[in-house]
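The sequence and structure are shown first.

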Amino acid sequence: MTGAIFITLAALAANFPFFSEKIFFVYTAESGHKAFSWRLAEMLSLYLFVGLIGIWLESRLGPVQTQHWQFYATSFALFIVFAWPGFVWRYFWKRTDKG
């Protein structure tokens, strides 16, 4: 049960940067449009935040297993895959104003 909640949290966190025009959900971009580089920075910080939650959950069960760079590269790639729906919604979804 905890694993499913954690994966859902990771999927939501990966999509958050694409649903807001505010930088880190606080600051409004000067041009009114948030640059893609800010979205990547938010994704990286949310990846680290979700990773810290994962380490905390693992430490509650026993000793934390040490990981190497391969684990982090793979988990970040999975985090990017989780972000695909938000990316599609932000950049590919065609909005037409009717009226």
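Helix 2 passes helix 3 in a right-handed crossing (a crossing is right-handed if the near helix is turned clockwise from the far one by less than a right angle, left-handed if anticlockwise). The model is a predicted one, in which local features need pLDDT of at least 70 and side-chain atom pairs count only at pLDDT 80 or more, while totals for chains, interfaces and linings use all residues. Residues are numbered from 1 along each chain as its sequence is written, and side-chain values use heavy atoms, with hydrogens and water left out. Helices (H or I, at least four residues) and strands (E, at least two) are DSSP runs, numbered from the N terminus.

The axes of helix 2 and helix 3 come within 11 Å and cross at roughly 120°; axes are lines fitted to C-alpha atoms, for helices over the stretch in contact, and angles run from 0 to 180 degrees between N-to-C directions. Helix 2 is therefore oblique to helix 3 (under 35 degrees is roughly parallel, over 145 roughly antiparallel, 65 to 115 roughly perpendicular, and the rest oblique). On helix 2, the contact (heavy atoms within 4.5 Å) involves Met43, Leu44, Leu46, Tyr47 and Val50, and on helix 3 Tyr72, Ser75, Phe76, Phe79 and Ile80. Not counting residues up to four places away in sequence, Tyr47 touches Tyr72, Ser75, Phe76 and Phe79.

The largest nonpolar core has ten residues: Ala10, Ala13, Ala14, Phe18, Met43, Leu46, Tyr47, Val50, Phe79 and Ala83. Such a core is a set of buried Ala, Val, Leu, Ile, Met, Phe, Trp, Tyr and Cys residues joined through side-chain atoms within 4.5 Å. Helix 1 (2–15) and helix 2 (36–61) each give two or more residues to this core, and helix 2 supplies the largest share, four residues.

| Helix | Buried residues |
|---|---|
| Helix 1 | Ala10, Ala13, Ala14 and Asn15 |
| Helix 2 | Arg39, Glu42, Met43, Leu46, Tyr47, Val50 and Gly54 |

The buried residues of helix 1 pack against helix 2, helix 3 (69–82) and helix 4 (84–92). Those of helix 2 are covered by elements including helix 1, strand 1 (22–23), helix 3 and helix 4.

Tyr27, found in strand 2 (residues 27–28), counts as exposed because its relative accessibility is 56%. Tyr27 and Ala14 lie 13 residues apart in sequence and 19 Å apart in space, C-alpha to C-alpha.

Key
Buried means under 20% relative accessible area, exposed over 50%, partly exposed in between (1.4 Å probe, protein chains only).
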